[in-house]
Amino acid sequence: MSKLGVDLTIAFRSLVQHRRRTLFLGTAIAAVTTLLVLLNGLTTGVRETMIDTATTLSTGHVNVGGFFKVTAGQAAPVVTDYKRVIEVAKKTVPEMAFVVHRGRGWAKIVADTGSMQMGVTGIDVRSEPKFASVLQLVSGNIDDLAQPGTILIFDNQAEKLGVKVGDAVTISAPTTRGTNNTVDVRIVAIAHSLGLLSTWNSFIPIETLRKLYQFNQDSTGVVQIMLDRKDVDRKIPEISARLRQALEQAGWRVMPADPRAFWMKFQSVAREDWTGQKLDVTSWEDEISFMTWTLTSLRVLSIVLIVILIAIIIIGIMNTMWIAIRERTREIGTLRAIGMHRLGVLWMFLLESLMLGLFATLTGVAMGAAIAAGVNALHLHVPTGLQFFLMSPYLHISVHGSALFWSVFGITLVTVIAAFYPSLRAARLRPVVAMSHFG
Amino acid sequence: MKKTRNTRSTTLVAALLAGFAVASAVSGRAAAALTTPQMVDILKIVDDRQKNNGDWRASAYIEQKERDKVDVVYETEYYRRSSDQKFMILFLKPKSSAGQGYLRIDKNLWFYDPSVGKWERRTERERIGGTNSRRSDFDESRLAEEYDPTDEGEEKLGAYTAQKLLLKGKGGIDLAFPMIRIWIDKETKNVLKRQEYALSGRLLRTSYYPKWKKVHSESKGGDVYYPEEIRFYDEVEKANQTLVMIKAVDLKSLPANLFTKAWLESKSR
């Protein structure tokens with residue numbers, strides 16, 4: 001048997017021999033690891049849900065939007081000649097998974113019993129299969145949104161307007177020239193609310209939106225570029241810069257980078273002294289910047305909790321190690337007397353901690369992953385207030401393999417580091433003193 | 001044996017008679033149900049009786065009653081031209097609404113508000129002046145052109161026997177209501193009652209036409225019928241109702257420039 005094998009066997013036997021202490025400490029480490037996995041999974045889940053919902057409802061991963069100004073003081077969220085924009089985007093962004101275009105508007109929706117102001121998004125539902133998969137319908141048929149003169153609204157809006165599928169509502173909005181125009185639309189689908197983004201949003205066929213705003217066939221509201229998941233976190237700033245440069249080279253005027261949602265820019269754009277078309281390249285985070293504070297808050301909360309949990313682990317392990325060393329002082333003295341070096345004693349205690357940490361964290365991540373899978377399978381409804389920020393009616397905990405690995409690695413490392421100082425003190429004990437110790 | 005034969009022949013005759021009776025009943029019912037061309041013919045008569053084939057000018061008093069609100073009476077004048085389906089309604093009173101108006105040109109309905117000096121394009125669902133009346137309530141009837149009928153049999157409405165039809169809007173036409181249940185007096189072909197629905201089947205409004213009048217039209221070469229009084233009951237906001245009284249019908253030709261935005265704007269200067 002190799003030396004490492006012998007050391008590992010000794011460490012394992014020592015853990016087994018001190019069964020109660022091992023179980024106590026192991027359970028604590030496993031519990032903390034489980035909590036860490038769940039906390040991390042919750043943050044990741046919220047982030048993923050937010051990205052999925054946002055990129056389905058209101059934004060691409062990267063967007064080419066912009067404003068068209070008929071006069072210096074009137075700005076409309078319009079992209080003219082959008083097909084050429086898509087051509088440039090396809091050439092410039094090889095990371096693109098797919099590209100869609102949508103119309104943007106803000107209108108008054110008038111029903112027989114009420115009215116409300118809300119965003120209207122023009123969509124070609126046939127070209128966006130993911131749209132149907134993210135929305136959960138209360139009633140109606142999402143495919144009917146392909147017919148002109150139709151609308152999809154959310155259940156909270158339907159309740160406020162007092163309407164159901166089949167009812168007609170009138171959409172009223174000012175055109176780019178300032179004349180109010182109206183269209184009648186039939187409600188074909190009512191979807192479950194998806195929180196903040198769905199509260200003020202509705203969907204109509206893009207042709208109906210063009211009819212409302214009197215746009216021509218070459219105009220749209222925004223070109224939305226979707227990327228592969230792996231590129232979403234890392235490459236967006238680089239892609240945005242590249243796209244901005246390519247659009248400028250192709251002859252468009254491009255607005256400087258401004259990390260705000262398009263509707264927050266109306267006032268500043270209207271104040272600027274220019275007319276015609278200017279394009280604006282934004283990321284998904286820019287477009288929902290007004291609500292990413294929920295994600296930031298959750299992250300900060302998670303970090304605080306993780307720090308507290310790690311502090312508890314460190315204190316617990318150090319304390320337990322002190323007790324262990326005190327209990328095993330005579331054993332250390334004997335080992336030193338029969339020729340074990342100080343480094344050997346240090347290694348022995350560290351190996352014990354490493355083994356304990358590894359077993360406990362593996363158990364912890366297994367429990368965390370199982371609980372997360374259970375929660376996801378149960379489709380747990382979150383309270384309405386929380387749905388508003390989570391943008392989903394369900395609690396989703398997203399546990400990835402990499403997160404599990406880093407949890408095991410991190411907590412095990414913390415365990416070893418926490419054990420280092422007590423182990424060092426144990427290694428420094430003089431054999432004579434240690435052997436004469438009565439504890 | 002003879003008795004058995006007699007019994008058999010009696011049974012056969014009874015069976016034949018019963019069969020005939022059933023067949024007569026079925027054929028009688030079939031005769032009572034109107035065919036689509038027959039229903040379209042009825043609608044064409046209804047439309048034709050209200051058609052002028054010329055210009056029209058009349059006053060309309062619109063009284064709006066709403067829950068927890070003071071009753072409002074609008075005094076309006078409205079104009080229409082059959083040849084190109086142009087329409088205009090001008091508000092004269094109360095003072096706050098004076099000068100407002102609706103203009104329908106090229107099948108687009110425009111609303112003008114002199115207080116902001118702006119035109120707004122509206123749809124046929126627009127509530128005229130915020131009341132429960134629609135533009136089509138003041139226009140010539142075009143039921144045969146705009147709706148597909150289904151027979152719902154006859155029904156007594158007080159002393160009148162009415163033909164009840166369910167009308168479903170034809171595609172691609174801007175209509176105030178996509179579905180209407182209509183009661184037409186069998187004798188005169190005047191509309192007695194209408195129930196207007198959303199496509200979901202929700203009842204939105206019930207209208208009654210208690211008084212019909214006629215006026216001779218030279219351009220038509222016959223009489224033009226119009227409802228002197230229409231009562232609209234809001235079925236969504238149950239307490240709300242609208243009364244429309246039509247007076248002073250004048251069928252003389254109107255100035256060529258009347259159905260223009262400039263003309264309507266000039267009325268508030």
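Is A:His379 buried or exposed, and how many other C-beta atoms lie within 10 Å? A:His379 is exposed, with 10 other C-beta atoms within 10 Å. Here, buried stands for 20 or more such atoms, exposed for 12 or fewer, and partly exposed for anything in between, with C-beta atoms placed from the backbone.

A word on the model: it is predicted, so local features need pLDDT of at least 70 and side-chain atom pairs pLDDT 80 or more, while totals for chains, interfaces and linings use all residues. Residues are numbered from 1 along each chain as written, and chains are lettered from A and ligands numbered from 1 in the order written.

Helices (H or I, at least four residues) and strands (E, at least two) are DSSP runs numbered from the N terminus.

B:Lys189 is partly exposed, with 17 other C-beta atoms within 10 Å.

Chain B also has a cis peptide bond, joining B:Lys93 and B:Pro94, with omega about 0°. B:Pro94 sits in the loop between strand S3 (86-93) and strand S4 (101-105) of chain B.

Back in chain A, helix H12 (residues 293-327) packs against helix H16 (residues 401-427) at an angle of about 35°, with axes 9 Å apart. These axes are lines fitted to C-alpha atoms over the stretch in contact, and angles run from 0 to 180 degrees between N-to-C directions.
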